[in-house]
Amino acid sequence: MTKPVLQHHYQDPRPYPKGVAYMDGQYIPMNEAKISVLDWGFLRSDATYDVVHAWEGAFFRLDKYVDRFLNSVEKLRMTLPVERTELEDILHNCVGLSGLQNAYVEMICTRGSSPTFSRDPRDADNRLICFAIPLGSIANEDQQKRGLHIAISDVVRIAPQSVDPTIKNYHWLDLIAGLFEAYDRGAENTLLVDLDGNITEGPGFNIFAVKDGVVYTPSSGVLEGITRQTVIDLCAELGIDCKIQSLPKENFLNADEVFLSSTAGGPQFVSKVDDTILQNSAAGPVFSKIKDLYWQKHNDANWITPINYDE
Ligand code: PLP
């Protein structure tokens, strides 16, 4: 056996996407952004985060994402090292320095770590990390054209009584188990149920069913997605009735249309739920109206915050 050598400068051999991160007051290339393995965010999933997107050089509904993030930080009894305006500056700078026009912009607060590895969360120094990378989407190009195929999983989403789903979090083992179950069943994505068998959400998205012109979305056990709220707002503007209530899986199997909402890609339609094919694998009329208005709002000064690339 060769004698092990203690390396003082770790080189990560993995490739990462182009982008810029902010950590501890410094802006660095994405592939250099690393946290200690002793950070509670990693060891305990003791972290909260948020993701806003930038589209054609402007943030979409930035205030709403920052509000949600600050609420999550407070509910977890963490303290950010910066005030709101500085946080917003950091998000602008990450995108500005990356040069990206369309970006996936994440802000994270982890519990951090303590020098003594104390087991008391109050002893840890909370850590803020932000980054901007190229914007991705829940559905790839092909799936966007012909709709996603989704399987309703038997996996139960972590109960809201255990982990408050309105705090955006990394407790994803249930969602990942659902994804593998979906792949095994020949589907591309998954929807999890709650303990009563009602539909909740999927990995990174909220879900909607349309029946007789009315739009429905689950009321509980879900992250209150900003895109979900945007769909609700757009329905009001379009004069479409939108109901927020408990929805058993039959509502999705018997729906006229099903679509999801996510910051990663906006509203995207689902053309197959389990074995049921919807709308002959084409985008439905209600979804199409909502999606068109969603993208129109990306040019509306009231909904966007342009990024300054020169600073
Ligand atoms: N539900 C979960 C579990 C999520 O992680 C996300 C986003 O990552 C969503 C829903 C959608 O929320 P938003 O529209 O704010 O992106």
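The following legends describe close-up views of a predicted model.

**View 1. The shell of residues around the ligand.**

View 2. The side chain of Thr-227 places an N or O atom 2.6 Å from an oxygen atom of the ligand. At Ile-226, a backbone N or O atom lies 2.8 Å from an oxygen atom of the ligand. Arg-68 contributes a polar side-chain atom, which lies 2.9 Å from a ligand oxygen atom. On its own, the ligand has 390 Å² of accessible area, of which the protein covers 93%.

**View 3. The largest cavity.** The largest cavity holds about 50 Å³ of space. Its lining is formed by Arg-157, Ile-158, Val-163, Pro-165, Asn-169 and His-171. Three residues in the lining of the largest cavity are nonpolar, two are polar and one is charged.

**View 4. The second largest cavity.** About 40 Å³ of space lies in the second largest cavity. The residues lining this cavity are Glu-257, Val-258, Phe-269, Val-270, Leu-278, Gln-279, Ala-282, Ala-283 and Gly-284. Strands β12 (257-261) and β13 (268-273) are the elements that each supply two or more residues to the lining of the second largest cavity. In terms of class, the lining of the second largest cavity consists of six nonpolar, two polar and one charged residues.

View 5. Leu-260 belongs to strand β12. Leu-260 counts as buried because its relative accessible area is 0%, and the cut-off for a buried residue is under 20%. Between Leu-260 and Val-270, the C-alpha to C-alpha distance is 7.2 Å, and the two residues are 10 residues apart in sequence. Val-270 is also one of the residues that line the second largest cavity.

Definitions and conventions
Residues numbered from 1 in each chain as written. Predicted model: local features only at pLDDT ≥ 70, side-chain atom pairs only at ≥ 80, totals over all residues. Heavy atoms only, no water. Polar contact = N/O pair within 3.5 Å; in protein donor to acceptor, adjacent residues only side chain to side chain. Areas by Shrake-Rupley, 256 points an atom, 1.4 Å probe, with all protein chains shown as cover. 1 Å grid on protein atoms, 1.4 Å probe; cavity = no way out; pocket = protein on both sides within 12 Å on 5 of 7 lines; lining within 4 Å. Points joined across faces, edges and corners; volume = space filled by probe spheres on them. Nonpolar A, V, L, I, M, F, W, Y, C, P; charged D, E, K, R; others polar. Helix = DSSP H or I, 4+ residues; strand = E, 2+ residues; numbered from the N terminus. Buried < 20%, exposed > 50% of the residue type's maximum accessible area, 1.4 Å probe, protein only.
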